[in-house]
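I am opening a notebook on a structure that is new to me, and I want to write down what I look up in it, one spot at a time.

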Amino acid sequence: MPVYNAEKYLEESLTGILNQSFKTFEFLIMDDGSNDKSVEILKKYAQKDRRIQLFHQDNKGISE
């Protein structure tokens, strides 16, 4: 899932994905250089759920 400055909707999105009935998956999240609180939120969720793999890069846009 690409993320860029999504703090307003991020917790709702993450909760919805992680609470689905299908539990066996790896959740790859790429932070594209967010400069809001998105990274803090992502780290909090990644610490709680081992299915989340969090990656960071400088802002390059969704196509990168």
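I began with N5, which I found in the loop between β1 and α1, where helices (H or I, at least four residues) and strands (E, at least two) are DSSP runs numbered from the N terminus. Before going on I noted that this is a predicted model, in which local features need pLDDT of at least 70 and side-chain atom pairs count only at pLDDT 80 or more, while totals for chains, interfaces and linings use all residues. Residues are numbered from 1 along each chain as its sequence is written, and side-chain values use heavy atoms, with hydrogens and water left out.

Back at N5, I looked up the backbone and found a positive phi of about 45°, although N5 is not a glycine. N5 is partly exposed at a relative accessible area of 29%; on this scale buried means under 20%, exposed over 50% and partly exposed in between, with a 1.4 Å probe and protein chains only.

Next I asked what D36 touches. Leaving out residues up to four places away in sequence, D36 touches N5, A6 and E7, contact being heavy atoms within 4.5 Å. D36 itself is in the loop between β2 and α2.

I then turned to the two helices, α1 (residues 7-18) and α2 (residues 38-48), which pack at an angle of about 20° with their axes 9 Å apart. The axes are lines fitted to C-alpha atoms over the stretch in contact, and angles run from 0 to 180 degrees between N-to-C directions. The two helices are therefore roughly parallel to each other, a term for angles under 35 degrees. In the contact between them, E7, L10, E11, L14, T15 and L18 of α1 meet S38, I41, L42, K44 and Y45 of α2.

Which residues of α2 are buried? I listed S38, V39, I41, L42 and Y45, and because they cover an arc of only 160° around the axis, they sit on the same side of α2; the arc is that of the directions from the helix axis to the C-beta atoms. On the other side of α2, I found E40, Q47 and K48 exposed. The buried residues pack against β1 (2-3), α1, β2 (27-32) and β3 (52-57).

My last entry is on I41, which lies in α2 and counts as buried at 10% relative accessibility. Residues up to four places away in sequence aside, I41 touches E7, L10, E11 and L14.

Methods:
Parallel < 35°, antiparallel > 145°, perpendicular 65-115°, else oblique.
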